[in-house]
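User: I am new to reading protein structures, and I would like to learn how to go through one feature at a time. Could you show me the structure and take my questions in turn?

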Amino acid sequence: MPAVIAALTLLVTLVAPGLAGAQEPAPGNNYTIATDITFAPFEFQDESGKLVGIDMDLLAAIAEDQGFTYQVNPVGFDAALQAVTGGQANGMIAGMSITDARKATFDFSDPYFESGVQVGVLESNDSITSYEDLRGKSVAVKNGTEGATYAESIKDQYGFTTKYFADSSSMFDEVRTGNSAAVFEDYPVLAYGIKQGNGFKTVTDKVPGASYGFAVAKGQNAQLLQEFNTGLANLKASGQYDEILDTYLNSDASDDDNSILGLIKSTYPLLLEGLWLTIVLTVVSIAIALVLGAIFGLFRVSTNIVLRGIGTTYVDVFRGTPLLVQAFFIYFGIPAALDFQMSAFTAGIITLSLNAGAYMAEIVRGGILSVDKGQMEASRSLGISYLKSMQKVVMPQAVRTMIPSYINQFVITLKDTSILSVIGLAELTQTGRIIIARNFQSFNMWLIIGVMYFIIIMALTKLSNRLEKRINK
């Protein structure tokens, strides 16, 4: 398998950014900074697709003050943690609370924001006005936030349970569905969402929480940490720090048109970009998977026990493990173990190709086995070699039965691209999450995205049906 992954990496880098080390900055103090992407008002995308927020503005101002350059890698909070510890990023800024547990793994900057926690419920909910009213109920929290930490610290006292989510919008949706009664959220995030019309209200006073800090891996990138601290001190002294906070914490409520038509009009450029990336990921991955499927499919039916064992192992590994685990292992695990950096696009292509290739191999094996054994025996009896018989007699007949399955696997792979949002690829599903993080219009946005997927998949299904009918004539 290492040889297969290495070959795929070489192939994909022809159409993707090259590989480069990440533990130390490139010449000229150029850093890679990981961040969340759905944590307004600290980091989120505006209507034009630009990444903005308190964290982003602070980082830009500090970089200008200290004279360094950087690239932001918006992969989500959990993936950002792994990106820093695994060497995929030099630092991380994502509303990250400074805790003793995290200090064992990260070095933190001076605090740049003093957090706090509040409980939010739906505006229509008048039955919950205190922590006591949560007894026997579930509450929604977000991974890694101060809200989650505080909820865990008091849940036994007040008799409620916690449910964890990867982003704030999912947490709010959990309460809208009635499956949870309230959210525990960092107060600026909850306040910002309420101003944007997410339909919630606060029912508790703010509880002081931990401070937010910029983080680097333990013992790494000390220069970057020092530059951040110096720049932060300069921003506070000049008053620019307060201006950045006021821009987001004291902003007026949005008056955007959040109807379905209004959302389509304002977000279609971002949605089309996400759709294009989804299609590119699918097409490139399927093209590679066709080759892998043909090779390992032939291995699976080979008379050579070694080749048959290789084919079986490949299929079992990639059909027997979740695609999500494969994505994390290829994007974070392998680069960390071998000490190199891999772009998210490259990792996504490799993940989808290897996964789809395993299913393609089984399609090839099934197609070959569907051909009557007498065909091969008759060919061999005429003195034709095994390989030539496979090429000229068996495969042409097998391909007829495989084409509909190939189209079906294309559809499955297209849908599987949504899982790659966990490593920061802004395909169609991730684009929807990004937009929802800004406007909190989850129902309308997911309806729009669902229709887009439906149109593409139905077109592919119709194509499959037409091909199948033509083949069977």
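User: Which residues is Ile93 in contact with, leaving aside its neighbours within four places in sequence?

Analyst: Bear in mind that this is a predicted model. To read contacts, we look for residues whose heavy atoms come within 4.5 Å of one another. In this model Ile93 is in contact with Ile33, Ala34, Thr35, Asp36, Glu43, Asp55, Met56, Leu59, Tyr112, Phe214 and Phe228, once its neighbours within four places in sequence are set aside.

User: How many residues has the largest nonpolar core, and which have the most contacts inside it?

Analyst: The largest nonpolar core has 45 residues, and those with the most contacts inside it are Ile93, Tyr112, Phe113, Val183 and Phe214. At least two residues each come from strand 1, strand 3 (51–52), helix 2 (54–66), helix 6, helix 7 (187–195), helix 8 (222–238) and helix 9 (240–249), and helix 2 gives the most, with 7 residues. Apart from this core lies another, of 43 residues, among them Val84, Ala89, Leu323 and Phe332.

User: Is Thr32 buried or exposed?

Analyst: A residue counts as buried when its relative accessible area is under 20%. Thr32 has a relative accessible area of 15%, so Thr32 is buried. Its place is in strand 1 (residues 30–35), and, not counting residues up to four places away in sequence, Thr32 touches Gln71, Asn73, Gln88, Ala89, Asn90 and Gly91.

User: How many residues of helix 6 are buried?

Analyst: Helix 6, which covers residues 168–176, has 7 of its 9 residues buried and is thus mostly covered; the buried ones are Ser168, Ser169, Met171, Phe172, Asp173, Glu174 and Val175. Just after helix 6, Gly178 takes a positive phi of about 90°.

User: At what angle do helix 10 and helix 16 pack?

Analyst: Two packed helices are described by the angle between their axes and the distance between the axes. Helix 10 (residues 260–300) and helix 16 (residues 428–439) pack at an angle of about 150°, with their axes 8 Å apart. Angles over 145 degrees count as roughly antiparallel, and therefore helix 10 is roughly antiparallel to helix 16. Their crossing is right-handed, and the residues making the contact include Leu263, Thr267 and Leu270 of helix 10 and Leu428, Thr431 and Ile435 of helix 16.

User: Where does UniProt place the feature "transmembrane region"?

Analyst: The unreviewed UniProt entry places this feature at residues 275–299, 320–338, 344–364 and 443–463. Over residues 443–463 the chain in the model is 100% helix and 0% strand, with the end C-alpha atoms 30 Å apart, while over residues 320–338 the chain is 84% helix and 0% strand, with the end C-alpha atoms 24 Å apart.

How values were computed: Residues numbered from 1 in each chain as written. Predicted model: local features only at pLDDT ≥ 70, side-chain atom pairs only at ≥ 80, totals over all residues. Heavy atoms only, no water. Buried < 20%, exposed > 50% of the residue type's maximum accessible area, 1.4 Å probe, protein only. Helix = DSSP H or I, 4+ residues; strand = E, 2+ residues; numbered from the N terminus. UniProt positions renumbered as here; feature names shortened; annotations may be inferred. Core = buried A, V, L, I, M, F, W, Y, C linked by side-chain atoms within 4.5 Å. Axes fitted to C-alpha atoms, helices over the stretch in contact; angles between N-to-C directions. Parallel < 35°, antiparallel > 145°, perpendicular 65-115°, else oblique. Left-handed = near helix turned anticlockwise from the far one by under 90°.
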